[in-house]
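Hello,

Here is the structure I promised to pass on. My notes follow below it.

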Amino acid sequence: MSTTHTDDLPRLRTIADYQFGAGVGAVLFPDGEDRAVKRSSTGRPQQVIADAGRLVTYGTDGRFTLGLEGGRRVAAALEPPAGRVVVGDESEPFVRDGKNVFAKFVAAAGPEVRPGDEVAIVHEEGTLLGVGRAELSADAMADFDTGMAVMVREGAGENED
């Protein structure tokens, strides 16, 4: 692992702004923070890690997948419900444990959410429960009573927040 090259920062922020919304890059990768970048053998950034945990993994498709700390920061940067899928008490223990979110349990979702988007999964009170990839659009999550809404990549574990 190596520390973030200063020339990496603008590029990482631009990708975050494009993928999650304007201004997210500065919150996800703030100035003055120590970050480590794990690189592939060709030098391409693969993971960006802060002291608080993994922020993102940089996919070969040019998009980020969120770590828990990255999900926390994306949720903090966006006005609710943007960038997130909201669930209630009945889903909380399952999502924390890394189980997928089903449409019937979605209380709200950012109106911009499309299939394939990275999202933070939060409790109705705002606590981060996990991060994952949306399998349905926000409209479909609201309309469907069956089906997987979010494939959870990482659950927050037992009451970590």
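Pro 81 sits in the loop between helix H3 (68-77) and strand S6 (84-87). The peptide bond from Pro 80 to Pro 81 is cis, with omega near 5°. Helices (H or I, at least four residues) and strands (E, at least two) are DSSP runs, numbered from the N terminus.

The model is predicted: local features need pLDDT of at least 70, side-chain atom pairs count only at pLDDT 80 or more, and totals for chains, interfaces and linings use all residues. Residues are numbered from 1 along each chain as its sequence is written, and side-chain values use heavy atoms, with hydrogens and water left out.

Next, the salt bridges (a side-chain nitrogen of Lys or Arg within 4 Å of a carboxyl oxygen of Asp or Glu). The whole structure has 13. One of them pairs Arg 54 with Glu 154 (3.5 Å, N to O). Arg 54 is in strand S4 (residues 53-58) and Glu 154 in strand S11 (residues 148-155), so this pair ties together parts 100 residues apart in sequence.

Glu 118 and Arg 153 form another, with the closest N and O atoms 2.8 Å apart. This pair links strand S9 to strand S11, 35 residues apart. Burial is by relative accessible area: buried is under 20%, exposed over 50%, partly exposed in between (1.4 Å probe, protein chains only). Glu 118 is buried at 6%. Arg 153 is partly exposed at 36%. Elsewhere, salt bridges with shared partners join Glu 33, Arg 35, Glu 69, Arg 72 and Arg 73 into one network.

Best wishes
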